[in-house]
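Work through the exercises below with the model open beside you. Try each task before reading its solution.

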Amino acid sequence: MSFVLNSLPQTWPWLILMAALAAGWAGSRGLACAMLAAFAGAAVALGHLTPLALTALAAGLLFAAFLPRTRGPAALIAHAVLVLWSLALGAHLVPGVQNLLILDQVQAGPASAPYSLHLNLDKPMVFFALLLAWPALLQRNDPASKAALLSGLLLLAALLPLALLTGALRLEPGLPDWALLWMASNLLLTCLAEEAFFRGYLQQGLSRRFGPAAGIAAASLLFGLAHVGAGPAVAAFAALLGLACGLGYWGAGRFHVPVLMHFAFNLGHFLLFTYPGPA
């Protein structure tokens with residue numbers, strides 16, 4: 001807690017962003033947009049966003065708001081643009097965005113590799129865009145089956161032991177003084193945005209068009225490919241995590257299920273094993 005309090009002079013704008021994300025997740029779009037506007041103003045004032053970057057982000061959100069009105073070939077093109085815009089944000093390719101480096105080459109434990117944490121402001125914009133562009137994002141779907149949900153949960157539970165058996169991770173229980181900030185950042189700035197894109201948008205959209213098996217498989221593989229920069233082993237585990245979350249989402253029909261499954265995996269990794277990997 002002391003780390004969180006000491007870092008407030010730097011991190012306070014992100015508390016507004018996290019509150020906006022939580023409000024949007026709860027379905028309060030008006031409140032979420034108001035807090036997002038307040039965050040944007042603070043980010044520009046503090047130099048985390050240039051006017052050009054703010055224009056790019058605002059244009060993307062405005063485009064997303066009008067996307068549900070498109071039909072036919074225009075809708076396909078619009079969704080392709082939205083996907084490319086989202087991928088650019090997730091890869092931090094938009095110029096003029098200065099994500100806050102809050103941890104620089106620290107160790108979660110003596111056996112863990114050095115780790116840096118940025119509080120991102122670009123990737124979370126994907127969630128807000130999808131909230132505007134994809135009305136079905138927070139929609140409650142009919143649960144597929146308890147067996148699908150159980151399969152996802154069992155696969156999720158097997159991933160960390162599998163990583164331990166293969167040597168990808170080592171046991172190292174611990175609780176760094178920056179754990180609370182990591183938890184808030186991981187849940188709202190990472191898991192919520194990634195699950196909105198891969199499960200709530202891609203999986204759901206592809207499942208409607210090609211069936212649930214194709215939707216789950218494609219979204220899981222793409223989720224793995226998105227992590228290939230960290231190495232093939234990480235990409236493989238990410239694909240399996242995507243499969244677990246995809247089965248959970250399909251089985252339960254509730255968007256919060258894959259978000260919490262993703263976070264539970266990350267939290268278990270963080271609290272019980274070398275993070276992000278062995279030194």
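## Exercise 1: Salt bridges in a helix

**Task.** Find the residue whose side chain meets that of arginine 199 in a salt bridge.

**Solution.** 
- Step 1. The side chains of arginine 199 and glutamate 195 form a salt bridge, at 2.8 Å from N to O. A salt bridge here is a side-chain nitrogen of Lys or Arg within 4 Å of a carboxyl oxygen of Asp or Glu.
- Step 2. Both residues sit in helix 7, four residues apart, about one turn of the helix. Helices (H or I, at least four residues) and strands (E, at least two) are DSSP runs, numbered from the N terminus.
- Step 3. Arginine 199 and glutamate 195 are both buried. Buried means under 20% relative accessible area, exposed over 50%, and partly exposed in between (1.4 Å probe, protein chains only).

This is a predicted model, in which local features need pLDDT of at least 70, side-chain atom pairs count only at pLDDT 80 or more, and totals for chains, interfaces and linings use all residues. Residues are numbered from 1 along each chain as its sequence is written, and side-chain values use heavy atoms, with hydrogens and water left out.

## Exercise 2: An enclosed helix

**Task.** How many of the 10 residues of helix 5 are buried? What covers them?

**Solution.** 
- Step 1. Nine of the 10 are buried, so helix 5 is largely enclosed by the rest of the structure.
- Step 2. Pick them out: Pro124, Met125, Val126, Phe127, Phe128, Ala129, Leu130, Leu131 and Ala133.
- Step 3. The cover includes helix 1 (2–25), helix 2, helix 3, helix 4 (72–90) and helix 7.

## Exercise 3: A histidine in a loop

**Task.** Is histidine 48 buried or exposed? Which residues does histidine 48 touch?

**Solution.** 
- Step 1. Find the loop between helix 2 (29–45) and helix 3 (51–66); histidine 48 lies there.
- Step 2. Its relative accessibility is 13%, so histidine 48 counts as buried.
- Step 3. Not counting residues up to four places away in sequence, histidine 48 touches Trp14, Ala43, Gly96, Val97, Gln98, Leu100 and Leu121.

## Exercise 4: Backbone angles

**Task.** What is phi near in histidine 92, and what in glutamine 105? Which peptide bond is cis, with omega near 0°?

**Solution.** 
- Step 1. Start with the background. Most residues other than glycine have a negative phi, and most peptide bonds are trans.
- Step 2. Phi of histidine 92 is positive, near 60°. Histidine 92 sits in the loop between helix 4 and strand 1 (100–106), and is partly exposed at 39% relative accessible area.
- Step 3. Phi of glutamine 105 is positive as well, near 55°. Glutamine 105 is in strand 1. With a relative accessible area of 51%, glutamine 105 is exposed.
- Step 4. The cis bond runs from tyrosine 275 to proline 276. Proline 276 lies in the segment after helix 10 (256–272).

## Exercise 5: The whole chain

**Task.** Which pattern does the protein follow along the sequence? What is its radius of gyration?

**Solution.** 
- Step 1. Count 10 helices and two strands. Their order is α-α-α-α-β-β-α-α-α-α-α-α.
- Step 2. The radius of gyration is 19 Å, close to the 19 Å that the globule rule gives for 279 residues, so the protein is as compact as a globular protein of that length. The radius is taken over C-alpha atoms, and the rule is 2.2 Å times the number of residues to the power 0.38.
- Step 3. Buried residues make up 49% of the 279.

Notes
Contact means heavy atoms within 4.5 Å.
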